[in-house]
Amino acid sequence: MSIVSFSPKPDHLLLPNKPRKSKPNRCHVSPRMSSQPPPTPDLLSTVTNLLWGKSLPPQLLISTVRSTWNGTWHLMMSQLAPSDPSGSYSRPISSFRANSPSRQNPKNLHLYVALACPWAHRTLIVRSLKGLDEAVPVSIAAPGVDGSWEFRESGAGAGGSGLAPSADRANGRRTLKEVYRLRRGGYDGRSTVPMLWDVDKKDVFCNESYDIIEFFNSGLNGEMAGDSSMDLSPPELKGEIEYWNGIIYPNVNNGVYRCGFAQSQQAYDKAVNDLFITLDMLDAHLSSSRYLCGDVLTLADVCLFTTLIRFDLSYNVLFKCTKKKLQEYPHLHAYTREIYQIPKVAATCNFEAIMDGYYRVLFPLNPGSIRPAMPCGCEHEFLCKPHNRESVSLLNKHAKVLQS
């Protein structure tokens with residue numbers, strides 16, 4: 001389209017008191033000549049303009065909608081996240097424990113997980129570190145519109161991960177609920193991940209994450225191919241691991257959920273206070289200790305890592321854990337980067353799936369389902385920056401030499 005310039009007559013040639021005619025802009029297309037139909041007014045906007053024009057809705061309408069939404073929110077939250085009378089989140093107890101006397105170690109196992117879930121992520125990490133990828137096949141569920149877990153094939157993972165939602169590779173079912181119901185006697189409880197399935201018995205072997213990672217660490221040694229040389233729970237450190245788990249689980253692992261799922265201000269205030277007191281303490285501890293139990297990676301570190309790697313992605317914003325970002329903790333963040341850089345760990349992290357699993361699924365917390373931009377500090381390239389955690393080990397060794 002060419003641009004046409006116009007040269008108006010000089011002012012001294014214009015007749016006095018006669019309005020000057022302006023020539024039309026040649027680049028303008030009049031509605032009559034346009035091939036596009038005129039826009040249809042939005043019905044909702046039309047109705048609101050008729051009712052109260054451009055001003056805000058009447059106070060009565062606002063209070064009515066707010067009251068209705070508040071009641072609906074509490075109803076949905078009571079189903080999503082059961083709470084005690086104070087409004088504090090109470091996590092349901094797992095129904096199938098691996099240490100039950102009636103259960104024997106199965107030979108043919110299948111693992112069900114979801115990439116967004118930190119509890120399932122634990123099992124993926126230990127499975128990979130122990131070299132059980134082939135011995136224990138996995139099916140990866142994705143959150144459905146109603147929040148339940150369903151199976152569907154998709155492309156390869158992103159953000160450093162090769163894992164992505166898949167079909168049910170053990171039973172060919174459409175949802176995880178259908179898999180649970182395959183067991184003898186059926187099942188009507190919560191269909192949660194992770195879940196370890198006994199293929200031969202067609203039964204749930206375990207759906208408690210810590211039981212599964214303990215089982216992967218020690219219960220399969222000598223029975224299936226794997227790395228039996230790596231012990232994430234050495235006998236001499238069991239007491240120390242239990243000590244750290246006793247702090248981390250209620251205040252950090254479950255603590256972020258206590259913040260996000262709190263149904264009263266009092267419950268939230270206590271949860272967020274417990275969370276950040278614990279994070280402050282952990283950051284101080286890790287300033288002089290490479291891992292939680294010294295220079296050895298343990299199950300306690302795995303459990304802490306899967307919450308920390310999600311902190312700035314989801315918990316800081318969506319769960320109102322807003323006092324600090326993980327990046328503001330120098331030792332905790334470097335510790336997280338070190339574990340992320342351990343071979344095979346990064347491949348278990350799918351950041352897009354994590355964000356989708358929180359922002360686009362937890363409707364009561366994010367009704368618009370809008371997923372925010374990923375923080376720069378959570379990108380794969382940033383997490384691969386040098387962590388310099390080796391220096392902590394060297395300082396400790398030097399201190400021990402001086403003391404001796």
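Mentor: Arg91 is partly exposed, with a relative accessible area of 26%; buried means under 20%, exposed over 50%, and partly exposed in between (1.4 Å probe, protein chains only). This is a predicted model, in which local features need pLDDT of at least 70, side-chain atom pairs count only at pLDDT 80 or more, and totals for chains, interfaces and linings use all residues. Residues are numbered from 1 along each chain as its sequence is written, and side-chain values use heavy atoms, with hydrogens and water left out.

Trainee: Over which ring does the charged end of Arg91 sit?

Mentor: A charge sits over a ring if NZ of Lys or CZ of Arg is within 6 Å of the ring centre and within 35 degrees of the ring normal. Here the ring is that of Tyr257, with the charged end of Arg91 4.8 Å from its centre.

Trainee: Which side chain joins Arg91 in a polar contact?

Mentor: A polar contact is a pair of N or O atoms within 3.5 Å; within protein, one must be able to donate a hydrogen and the other to accept it, and residues adjacent in sequence count only if both atoms are side-chain atoms. The partner of Arg91 is Asn254, at 2.8 Å.

Trainee: How many aromatic pairs does the structure hold?

Mentor: Rings of Phe, Tyr and Trp (its six-membered ring) pair if their centres lie within 6.5 Å; planes under 30 degrees apart count as stacked, over 60 as edge-to-face and the rest as tilted. The structure holds 17. Phe96 and Tyr187 are a tilted pair, because their planes are at 55°, with centres 5.4 Å apart. Phe96 is buried at 6%, and Tyr187 is buried at 13%.
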